[in-house]
Amino acid sequence: MTSTSSAGTTTTVTATASGRWTLGDLPVNRIGFGTMRLPQTGGALVPDAVPRDRDAALAVLRRAVDLGVNHIDTAAFYFSPLRSANELINSALAPYADDLVITTKVGPARDLTGQWAAHARTPEALRGQVEENLRQLGRDHLDVVNLRIVGTDSIAERFGALAELRQAGLIRHLGLSNVTPAHLAEAQAIAPVVCVQNRYGLGMRSKDDAFVQDCGAQGIAFVPYYAIAAAGGEAGATGAEPAEVLAVAQAHGVGPAEIRLAWTLHQGPHVLAIPGTGDPGHLAANVAAGALSLSEDELKLLDGLHRSATTG
Ligand SMILES: NC(=O)c1ccc[n+]([C@@H]2O[C@H](COP(=O)([O-])OP(=O)(O)OC[C@H]3O[C@@H](n4cnc5c(N)ncnc54)[C@H](OP(=O)(O)O)[C@@H]3O)[C@@H](O)[C@H]2O)c1
């Protein structure tokens with residue numbers, strides 16, 4: 001997005017306007033980019049997904065970095081029949097800038113046909129997934145690796161295995177995804193956790209508000225996914241927006257997606273955004289959302305919606 005000053009100068013809003021957070025020792029702008037949408041059109045990670053045009057996907061990644069994005073979220077299981085998110089990142093952005101932080105996740109797995117397979121649970125399987133990410137990204141260490149889980153059972157063995165890979169220098173920092181406060185406490189007894197990546201957003205999972213704040217109090221980044229898609233989840237944004245979101249969007253002259261992002265960033269300086277899109281216009285709008293300042297009245301209105309209309 002561009003803005004024009006009274007002197008007629010046009011400036012582009014970049015991700016630096018969203019402020020900074022440090023993941024362990026790695027500073028990032030708070031507006032980042034999620035790559036789950038890039039290998040295919042539509043969101044779904046399914047065997048028959050329609051591959052996205054390769055040049056268009058590469059262009060979105062390069063534009064994101066041009067706009068100051070230096071935190072990119074990915075996974076080896078983000079692929080369609082012809083495209084892999086990690087390969088696209090490697091082709092578009094290597095040799096990587098010193099300030100680029102790539103966060104990946106391990107645990108979930110898909111077989112070569114694209115069907116979901118059993119989660120990696122053993123140290124050997126997790127090591128294999130870490131090495132797969134290293135090969136695809138063309139790196140000799142990973143900046144941040146999230147252990148992505150399902151369920152409520154102990155993560156000690158799995159997180160311990162990743163902590164050993166961190167000690168061995170394959171991973172710089174560790175995070176968690178889809179976890180409870182109990183999982184976070186269990187992991188922290190084993191090794192430092194720099195981020196929690198959970199489903200959360202305006203009108204979604206208000207029961208986790210305290211967890212979001214608790215992460216901040218502990219100096220841990222909270223990185224919500226589906227902050228725009230909200231109830232649409234993997235299928236993507238539905239376009240159906242509550243009147244409160246539409247009213248605030250209109251007041252700022254932006255779309256509802258930007259208000260959803262701005263609201264999440266207003267939950268604390270430790271909250272980062274990783275919006276996913278294959279649309280260059282949406283990318284620019286999402287980056288510009290990092291500069292939006294919501295008034296107290298607007299936050300009150302949106303907080304009320306968040307508490308009353310929560311899903312997920
Ligand atoms: N840890 C986990 O379990 C997990 C799970 C899911 C996702 N993730 C990560 O989180 C990232 C974000 O999640 P996400 O990509 O699914 O959802 P999202 O960022 O909440 O929303 C993406 C959806 O919103 C649309 N959109 C994006 N910007 C828009 C704009 N400015 N205006 C209107 N529509 C807009 C996209 O369509 P267009 O392409 O048309 O813009 C897409 O339908 C993923 O890319 C992935 O890296 C992690």
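Student: Between which elements is Asn178 found?
Tutor: In this predicted model, the backbone at Asn178 deserves a careful look, since phi of Asn178 is near 65°, a positive value in a residue other than glycine. Asn178 belongs to a loop, and that loop lies between strand 13 and helix 5 (181-188).

Student: Where is Arg205, whose phi is also a positive value in a residue other than glycine?
Tutor: The phi of Arg205 is near 55°. The residue sits in the loop between strand 14 and helix 6 (209-217).

Student: Which peptide bond is cis, and in which loop is Pro95 found?
Tutor: The bond with omega near -5° is the cis one, and it runs from Ala94 to Pro95. As for Pro95, its place is the loop between helix 2 (85-93) and strand 9.

Student: In what order do the seven strands of the open sheet stand?
Tutor: The pairing in this sheet is parallel. Strand 5 (33-34) and strand 15 (221-222) stand at the edges, each with a single partner strand, so one side of each has no neighbour in the sheet. Read across, the order is 5-8-9-12-13-14-15.

Student: What is the bridge partner of Val196 in strand 15?
Tutor: Strand 14 (residues 195-197) runs parallel to strand 15, and two bridges join them. In strand 15, the residue bridged to Val196 is Phe222.

Student: About what angle does the direction of helix 4 make with that of strand 13?
Tutor: Helix 4 (residues 156-167) packs on the sheet, where it touches strand 9 (101-106), strand 12 (142-148) and strand 13 (171-177). With the direction of strand 13, the direction of helix 4 makes about 160°.

Student: Which residue in the hairpin of strand 3 and strand 4 takes a positive phi?
Tutor: Strand 3 (residues 20-23) and strand 4 (residues 26-29) pair in the antiparallel sense over four bridges, and Arg20 has Asn29 as its bridge partner in strand 4. The hairpin has two residues between the strands, and the positive phi, near 65°, is taken by Gly24.

Student: How far is the polar side-chain atom of His282 from an oxygen atom of the ligand?
Tutor: His282 is among the closest of the 26 residues that surround the ligand, together with Arg37, Asp73, Gln197 and Thr277. Gln197 has an N or O atom of its side chain 2.7 Å from a nitrogen atom of the ligand, while a polar backbone atom of Gly34 is 3.3 Å from an oxygen atom of the ligand. For the polar side-chain atom of His282, the distance to a ligand oxygen atom is 2.5 Å.

Note on methods
Residues are numbered from 1 along each chain as its sequence is written. This is a predicted model: local features need pLDDT of at least 70, side-chain atom pairs count only at pLDDT 80 or more; totals for chains, interfaces and linings use all residues. Side-chain values use heavy atoms; hydrogens and water are left out. A residue is near a molecule or strand if one of its heavy atoms lies within 4 Å of it. A polar contact is a pair of N or O atoms within 3.5 Å; within protein, one must be able to donate a hydrogen and the other to accept it, and residues adjacent in sequence count only if both atoms are side-chain atoms. Two strands pair if DSSP finds at least two bridges between them. Contact means heavy atoms within 4.5 Å. Axes are lines fitted to C-alpha atoms, for helices over the stretch in contact, and angles run from 0 to 180 degrees between N-to-C directions.
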